[in-house]
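My notes follow in the order I looked things up.

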Amino acid sequence: MQPMDKILIADDDPALRSLLRLVAQRAGFAVDLASNGHEAIEKIAANDYIIAVVDLMMPKMNGYELVDRIAKLKVRPAVLVVTAMTDTFLPRLDGNIVHSIIRKPFDIDMVTAVLTELAAAVRSSGSEGEESTGTGNVIEFRGPAC
């Protein structure tokens, strides 16, 4: 990871936002937060993020709508979805925009590894900020069984 790669965490749960921020900061990322999709898209339009961590269930603009809006941007971050949603809703996500899906509850070490690997992949492919940042193949990570 290059010094201070910048990411956005968009989640309406303040405790989860704080936890994800702490995990990302410990991994060496500069972190901005958004509590809903409208706030997130405004920040994405105004900043150069390498990754946007997006919850699917948020007020004002849900994560599906946010991913659709990100897809229309010329300069956009890689998208990492963090969700507790069932499999039936996940096929709606565009694999050309969404790189990975992490299921709640999740393992903190797994989140760190996914963020670090995704940042490295985006930088090495040179796709940060270009029109196509996805691989077309969404990678799903599941947390520990409850």
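This is a predicted model: local features need pLDDT of at least 70, side-chain atom pairs count only at pLDDT 80 or more; totals for chains, interfaces and linings use all residues.

**Backbone**

I started with Lys60, which sits in the loop between β3 (51-55) and α3 (63-71). Lys60 has a positive phi of about 70° without being a glycine. I noted that most residues other than glycine have a negative phi. Is Lys60 buried or exposed? I get a relative accessible area of 67%, and the cut-off for exposed is over 50%, so Lys60 is exposed.

Next I checked the peptide bonds. The one joining Lys104 and Pro105 is cis, with omega at about -5°. Most peptide bonds are trans, hence the entry. I found Pro105 in the loop between β5 (98-103) and α4 (108-125).

**Salt bridges**

How many salt bridges are there? I count 5.

I looked at Arg123 and Asp5 to begin with: their side chains meet at 2.8 Å, N to O. This pair links distant parts of the chain, with Arg123 in helix α4 and Asp5 in the segment before β1 (6-10), 118 residues apart. Asp5 comes out at 8% relative accessible area, so I logged Asp5 as buried.

Then I went to Lys6, which forms a salt bridge with Asp32, the closest N and O atoms being 3.5 Å apart. Here too distant parts of the chain are linked: Lys6 belongs to strand β1 and Asp32 to strand β2 (residues 30-34), 26 residues apart. Lys6 has 27% relative accessibility, so I put Lys6 down as partly exposed. Asp32 is partly exposed as well, at 22%.

Glu39 and Lys43 were my next stop, in a salt bridge at 3.5 Å, N to O. Both lie in helix α2 (residues 37-46), 4 residues apart, or about one turn of the helix. I have Glu39 at 26% relative accessibility, partly exposed, and Lys43 at 25%, also partly exposed. Lys104 is already in my notes, at the cis bond to Pro105.

**Cores**

Which residues have the most contacts inside the largest nonpolar core? I get Ile7, Phe29, Ile51 and Leu115, in a core of 25 residues. At least two residues each come from β1, α1 (14-26), β2, β3, β4 (78-83) and α4. The most comes from α4, with 7 residues.

I listed the neighbours of Ile7, leaving out residues up to four places away in sequence. Ile7 touches Ala24, Phe29, Ala30, Val31, Asp32, Tyr49, Ile50, Ile51 and Leu115. There is another core apart from the largest one, with 23 residues, among them Ala10, Tyr49, Val54 and Val81.

**Helix packing**

Last, I looked at how α1 and α4 pack. Their angle is about 55°, with the axes 10 Å apart. The two helices are therefore oblique to each other, and α1 passes α4 in a right-handed crossing. I traced the contact to Leu19, Leu20, Val23 and Ala24 of α1 and to Ile108, Val111, Thr112 and Leu115 of α4.

Note on methods: Residues are numbered from 1 along each chain as its sequence is written. Side-chain values use heavy atoms; hydrogens and water are left out. Buried means under 20% relative accessible area, exposed over 50%, partly exposed in between (1.4 Å probe, protein chains only). A salt bridge is a side-chain nitrogen of Lys or Arg within 4 Å of a carboxyl oxygen of Asp or Glu. A nonpolar core is a set of buried Ala, Val, Leu, Ile, Met, Phe, Trp, Tyr and Cys residues joined through side-chain atoms within 4.5 Å. Contact means heavy atoms within 4.5 Å. Axes are lines fitted to C-alpha atoms, for helices over the stretch in contact, and angles run from 0 to 180 degrees between N-to-C directions. Angles under 35 degrees count as roughly parallel, over 145 as roughly antiparallel, 65 to 115 as roughly perpendicular and the rest as oblique. A crossing is left-handed if the near helix is turned anticlockwise from the far one by less than a right angle, and right-handed if clockwise.
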